Amino acid sequence: MKKSLRDKLQQLIYLIINPVVKGLIKIGFTPNIVTLVGFLLNIGVVIIFVTGVQKGNRGDLSYVGWAGALTLFAGLFDMLDGQVARLGNLGSRFGAFFDSVLDRYSEMVLFLGICYYLVGHHYFLSSMAAFVAMIGSMMVSYTRARAEGLGIECKGGLMQRPERIVVISVSAIACGITAHFIGGDYKLFVPGIPFHIFETISIFTFPLFIMAVMTNITAIGRMRDAKIALDKQDQVTRVIRGAATTVKVLMIAAIVILPTMAFTSGEPNFPVPNVPRQLFYIQRTSNSNTIVYDLNIVDGKLDVDDPVNVYWIRYADGGEKKALNYIQRKFAYGIKVKDLGQGKYELHSVAYAKKDLYLMKPSGQSDYHVYAKIGNSMAVLDRIYIEIDGGTFWHPNVQYIELKGKDMATGKEVREQIKP
């Protein structure tokens, strides 16, 4: 699976901060100490905001600027603790738990300082936006934690913690700098409108309004994504569990599957590939060259980011193994993979996305297989055959696609022909 732009930027930041991380490891810093330092810095942010109310005035926005700078600095420790754990081989389950808990405390303390400052200087509407943003921020974090507790990944959305820290810190710094040049009491009026449409503090508060909306949209979006993933996981689990344990399902499946086994085919007699960790393969009318899909094992473990290898065995060229080219991978024989959690993956062909395939290792079994609904039963997919009658590469005249596998309940061969 390809990395997102966000992941690439994260890797770039890691590349920059790794020398600092190695220095922290050398002087004896543990991940938990780094996490604690980040939390204490956020308490320092609150102190600045409180001081801005107690000693500052409504037009003195320098406190906002300094609070933003310290927020950004504290946010760096949010990345440093994880890298210290990884590069120093100091990771632990308690460390991950400790980091998660203190991150929540840090964020709530930060919003406490913001709300106190805005209420203290009578920006009541803006303080409400900050409070709603805090609720959204907590729900973004909670929906991810709860989903992961149920065994699914839930990291989507535009307002994750790093984005929230950047928005708050950068807008606060910009507000403080702008106030230095134009004044903290600057207001912009438009003729005909009885109230000002902009003031200096708006540089800080307007992003809070955006965050109040976007964090809650992100939380709701994660709920939707979690529902889709959990529903699919439950559906697959029910089918597998039922097929493996219920005698009634065995009998019904055997009766229902019989019609699907009555296909007659004039397929060419092609070689059958048999490679280690093979999942399934595709063959076509045109020649014996075969596309093979097998498990991508790296250092003895399944590569969770790219679990399936796809390549040619070119029997027409002496059985040569060859990688797919870009066009074949992107438009014809490549697959899209979605991690459903707990070692289960949803697969879709880039050329035909209507058929759901699932890569998983059922309970009690040691091997991964690809499962698909063939006919009226869930089966272990073995082969896909494509009957083509003319056409071009981009628009082949596909007569049918045939799926072949073994019924999970009976172990018998089942087939299904699909008319695309």
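The following legends describe close-up views of one predicted model.

Residues are numbered from 1 along each chain as its sequence is written, and side-chain values use heavy atoms, with hydrogens and water left out. Because the model is predicted, local features need pLDDT of at least 70 and side-chain atom pairs count only at pLDDT 80 or more, whereas totals for chains, interfaces and linings use all residues.

**Figure 1. Overview of the protein chain.** The chain contains nine helices and 15 strands; these are DSSP runs numbered from the N terminus, with helices (H or I) of at least four residues and strands (E) of at least two. Of its 420 residues, 42% are classed as buried, where buried means under 20% relative accessible area, exposed means over 50%, and partly exposed lies in between (1.4 Å probe, protein chains only). Among contacts with a separation of 6 or more, 57% involve residues 24 or more positions apart, a contact being heavy atoms within 4.5 Å.

**Figure 2. The aromatic pair of Phe 49 and Phe 204.** Ten aromatic pairs are found in the whole structure. In one of them, Phe 49 and Phe 204 are stacked, at 6.4 Å centre to centre and with 25° between the planes. Phe 49 belongs to helix H2 (residues 31-54) and Phe 204 to helix H7 (residues 202-245), so the pair ties together parts that are 155 residues apart in sequence. Rings of Phe, Tyr and Trp (its six-membered ring) pair if their centres lie within 6.5 Å; planes under 30 degrees apart count as stacked, over 60 as edge-to-face and the rest as tilted. Both partners are buried: Phe 49 has a relative accessibility of 2%, and Phe 204 has a relative accessible area of 0%. Ring pairs also bring in Tyr 117, giving a cluster of Phe 49, Tyr 117 and Phe 204. The C-alpha atom of Phe 204 is separated by 7.6 Å from that of Ala 174, 30 residues away along the chain. Ala 174 lies in helix H6 (residues 161-182) and is partly exposed, at 30% relative accessible area.

Figure 3. Ser 106 is located in helix H4 (residues 93-120) and is buried, its relative accessible area being 3%. Not counting residues up to four places away in sequence, Ser 106 touches Gly 38, Phe 39, Asn 42 and Arg 161. Asn 42, in helix H2, is likewise buried, with a relative accessible area of 5%. Beyond its neighbours within four places in sequence, Asn 42 contacts Ala 74, Ser 106, Val 109 and Leu 110.

**Figure 4. Charges over tyrosine rings.** Arg 58 lies over the face of Tyr 123, 4.0 Å from the ring centre. Lys 321 is placed over the face of Tyr 311, 4.2 Å from the ring centre. A charge sits over a ring if NZ of Lys or CZ of Arg is within 6 Å of the ring centre and within 35 degrees of the ring normal.

Figure 5. Strands E13 (residues 377-391) and E14 (residues 396-407) are antiparallel and share ten bridges; two strands pair if DSSP finds at least two bridges between them. Arg 383 has Lys 404 of E14 as its bridge partner, and Lys 404 also stands opposite Arg 415 in E15. Strand E15 (residues 413-418) runs antiparallel to E14, joined by six bridges. In the hairpin of E14 and E15, five residues lie between the strands, and Gly 411 in the turn has a positive phi of about 80°.

**Figure 6. The hairpin of strands E9 and E10.** Six bridges pair E9 (residues 335-341) with E10 (residues 344-349) in the antiparallel sense. Lys 338 is bridged to Glu 346 in E10. Two residues separate the strands of this hairpin, and Gln 342 adopts a positive phi near 55°.

**Figure 7. Positive phi values in two loops.** Most residues other than glycine have a negative phi. Asn 89, by contrast, has a positive phi near 55°; this residue is in the loop between helix H3 (62-87) and H4 and is exposed, at 70% relative accessible area. Asp 299 also has a positive phi near 55°. Asp 299 sits in the loop between strand E5 (297-298) and strand E6 (301-302) and is exposed, with a relative accessible area of 78%.
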